[in-house]
Amino acid sequence: MEYTLISKTYNEALKQDKLLGLKCKDCGAVTVPPAMACRQCAGQEMDIVEVKGDGRIRTFTTVFVTSEGRESEVPYVIVLVELDEGPWLMGNLEGIDPNTASMELIGKKVKMGHKVFPGDKYSAGEGVSPLFTLVE
Amino acid sequence: MKKVAVVGVGSTKFSGPQEKTEVELFSEAASDAIAASNLRPSDIKALFMGNALGDFDEGQGMVQAYAAENIGCRNVPANRYEGACASASMAVRDAFIWVASGFYDIVLAGGAERAATMGTGLATRTFAMFSDSRYEFPSGVTFPAVFAMLAHLYSDKYKIPLPKLREQMARVSIQSYNHGSVNPKAQFFGKNADMPVEKVLGSFVVCAPLTLHDCCPFSDGASAVVLASEEAAKKLTAKPVFITGIGQASSGPLITQGDYLPRIRAREISSKQAYDMAGLKPGDIDICELHDCFSIASLIAAEGMGFFDFGTAGEAWEQGWADIGGKVAVNPSGGLKSKGHPIGATGAGQVYEIVRQLREEVEPERQVPGAKIGMTDTLGGDGGTLVDMILQRGW
């Protein structure tokens, strides 16, 4: 059975600021990022749909100590965002001073862009992550 | 299904970077466990070994086969388990199943790791391999970052103001430091006792809100246990410790656990399996070695295993209910925070501690008086693998 939406296709779309998801033919739930089976009901019949990428910050951290090869990036903010459609995504938050990130971020509305991670010797090529900004 | 006992245990000291290889470390722990079981290496029918990152630790793959040969367990089937920080618990659980099935009567299980040898940069990178490489690592996630986010989520969900939660988390580290300071096998033996709350809170921030003293160290070390059928165990020891309940469950990446967080669903499934199998409840457990990779992880674990209501474990630590003499003695070894966390060995190290506690063999300052029922809880990744086991005195 062929995989409906592989990470490469998902990431190529993300680089165009298009967030792709999979809508389940059985239960209607949207699965993001892609998987073989619906995260709600485990059905495997799903259609590719475009998801808006709007959501709210559920939690966050500011990273001061990071992995080998990424030292120049610190400090940076990572957020978990709950999309309006339900799924959660991990990404970075830009547009604030990472040193001032506080609990007040939780619940704030965000919109999504993207950031390219060029990859390292272990990552089998580049990666793409959501890059969120606060909605005024 | 046969009853299965732990007959003998062994462990190296857990430590910072040191010179012995994983084969050498595991061989020391395994030989101690075999000797303590009144056995010889040739009596071992199979070897199950946890080792998460040996390829990166020291450029060594297939370490389990070389360990078997090195110890003198010649030509036995040898399996390696990789479940991030739960690797050794997976090995012990599978060893249990094979002995319980009757296929083998005596099996060696355990694990080894040299995480400290990698240094902080490479260790942080390789530990981050246990997050999703496509959908999480590009954002720069690290293991402290995962638990830092869970701490903020915990504060928000249970309406505990962050400064209050951070003080409760500090109490977790302080308790672990105190117990580890009197455990000669602990990485921080002789160190960090009676650390003031202010020092925990004021150390440098790794990932907000977690400071250095909220985080366990990178560690080198090995632990091993010998499991035997009840029949074989009778001939080997007067103090068999029976494994009476086991559980294991998995989950997808952190983002797929979404709304359930900060609770870890796999832990709740895994621990329920162990309780149901043993016919016991959380209130029956005298002593527990649980997965305190970060201070907040202790609170999440103790609640997920049912020792305390959700959102109240911090108060339990403040009141001493999670200490020796409390409701359940948590991590009298010092836990991952103070004993250390050589990830491929950690679960076997927890079993090592519980067995010695139930036999009343540990240092008097940290012995849980009259402990009869113990439990281990090991978390791999950010909830991707969970293993829980219940052990009981067999005499």
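Reply: What follows starts with the contact between the chains and then turns to each chain by itself. The model is a predicted one.

Between the chains, 32 residues of chain B are in contact with 34 residues of chain A. On the chain B side, at least two residues each come from α5 (119-127), α6 (143-157), β5 (205-207) and α10 (254-257). Of the elements of chain B, α6(B) gives the most to this side, namely eight residues. Sorted by class, the side of chain B that touches chain A has 18 nonpolar, 10 polar and four charged residues.

Chain A is divided into two domains, domain 1 covering 7-51 and domain 2 covering 55-134. Their C-alpha centres lie 21 Å apart. Here 10 residues of domain 1 of chain A are in contact with 10 residues of domain 2 of chain A. On the domain 1 side, α1 (7-14) and β2 (30-31) of chain A supply at least two residues each. That side of domain 1 of chain A divides into six nonpolar, two polar and two charged residues.

Within chain B, one pair of helices can be described in detail. The axes of α4 (residues 87-101) and α15 (residues 346-358) of chain B come within 5 Å and cross at roughly 65°. From α4(B), the residues B:Ser87, B:Ala88, B:Ser89 and B:Val92 take part, and they meet B:Thr346, B:Gly347, B:Ala348 and B:Val351 of α15(B). Four residues of this contact are nonpolar, four are polar and none is charged.

Key. Residues numbered from 1 in each chain as written. Chains lettered and ligands numbered in written order. Predicted model: local features only at pLDDT ≥ 70, side-chain atom pairs only at ≥ 80, totals over all residues. Axes fitted to C-alpha atoms, helices over the stretch in contact; angles between N-to-C directions. Helix = DSSP H or I, 4+ residues; strand = E, 2+ residues; numbered from the N terminus. Contact = placed C-beta atoms within 7 Å. Nonpolar A, V, L, I, M, F, W, Y, C, P; charged D, E, K, R; others polar. Domains from an automatic or database assignment.
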